[in-house]
Amino acid sequence: MTLTKKKIIIVGCGPGAIDYITPAAEAAARKADVLIVSQRLNEFFPEIDAERIDSGTDVDGTLDIIASRRDEGRQVVLLATGDPGIASLAQPVIRRFGRANCEVIPGISSIQVAFARLGLDWKDARIVTAHSRDPEESADDLRNCGKIAILGGRAGSLRWAARMIPEFGEGRRIFLCEELTLPGEKIREVRAADLIRISVSSRAIILIIRGEQMP
Ligand SMILES: C[S@@+](CC[C@H](N)C(=O)[O-])C[C@H]1O[C@@H](n2cnc3c(N)ncnc32)[C@H](O)[C@@H]1O
């Protein structure tokens, strides 16, 4: 008998609070025989009786585990924070297994929440990922952007931002958005130099907005 391999479901689980998990995400997670989760997301869906595998930092190792469980005909569900379309395992998974073998359930991104808190739209925002290593973007790449969102929180990303922001020129406002949707949520306006002086949550987004863009 040949086993039917199921599509891998990649589920966006929002920025942290349970209220920001969509019903579609919850329904998809409930189908899991195997849940691939980061430590942060492991507390979600405690009632789901599935094998739980830590997505950890070894991407190739995680992909091999997904392949082996899928070969057994089991339903693999990968939980991603926020939306899977930003800095998640979704792209490595889709590259390895193919789009036809994956289904992506979108989630509410921490970036959406950060812009919503400031009452700004984000159709023209430049998103810079600095959460795992320093970005490749130079000051020249970013100087003309009216809105920049840096995924940060790592000490290195804060140092990078503190060094880079003054090179963008005058007239920027900097908002540090931490622990969005969670009980410790904090949004504060800071100066670039503050980023290396103050204590910052590892869940943080730095929004850099040209003054005239603020409502
Ligand atoms: C690996 S990226 C994942 C982003 C995610 N896919 C999204 O759409 O929000 C992790 C980064 O997202 C940001 N982040 C995630 N949750 C957050 C929260 N609740 N508050 C502030 N930033 C958050 C932080 O910059 C963190 O370093």
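In the predicted model, the ligand lies between domain 1 (8-108) and domain 2 (111-213), because both domains give residues to the shell around the ligand. This shell comprises 25 residues, and the closest to the ligand are Gly-82, Ser-109, Ser-110, His-131 and Leu-180. Several elements of secondary structure supply at least two residues each to the shell, namely the helix α4 (110-118) and the strands β7 (147-152), β8 (172-178) and β10 (204-210). When the residues around the ligand are sorted by class, 11 are nonpolar, 10 are polar and 4 are charged.

Across the boundary, 8 residues of domain 1 are in contact with 11 residues of domain 2, and the side of domain 1 that touches domain 2 consists, by class, of 6 nonpolar and 2 polar residues, with no charged residues.

A further feature of the model is the packing of helix α2 (residues 59-71) with helix α3 (residues 90-97), whose axes come within 11 Å and cross at roughly 55 degrees. Because angles of 65 to 115 degrees count as roughly perpendicular and those under 35 degrees as roughly parallel, this value makes α2 oblique to α3. The crossing of the two helices, α2 and α3, is right-handed. In this arrangement, Val-59, Leu-63 and Ile-66 of α2 meet Pro-92, Val-93 and Arg-96 of α3, and the contact of α2 with α3 accordingly has 5 nonpolar residues and 1 charged residue, with no polar residues.

Terms used
Residues are numbered from 1 along each chain as its sequence is written. This is a predicted model: local features need pLDDT of at least 70, side-chain atom pairs count only at pLDDT 80 or more; totals for chains, interfaces and linings use all residues. A residue is near a molecule or strand if its C-beta atom, placed from the backbone, lies within 6 Å of it. Helices (H or I, at least four residues) and strands (E, at least two) are DSSP runs, numbered from the N terminus. Ala, Val, Leu, Ile, Met, Phe, Trp, Tyr, Cys and Pro count as nonpolar, Asp, Glu, Lys and Arg as charged, and the others, Gly among them, as polar. Domain bounds come from an automatic or database domain assignment. Axes are lines fitted to C-alpha atoms, for helices over the stretch in contact, and angles run from 0 to 180 degrees between N-to-C directions. Angles under 35 degrees count as roughly parallel, over 145 as roughly antiparallel, 65 to 115 as roughly perpendicular and the rest as oblique. A crossing is left-handed if the near helix is turned anticlockwise from the far one by less than a right angle, and right-handed if clockwise. Two residues are in contact if their C-beta atoms, placed from the backbone, lie within 7 Å.
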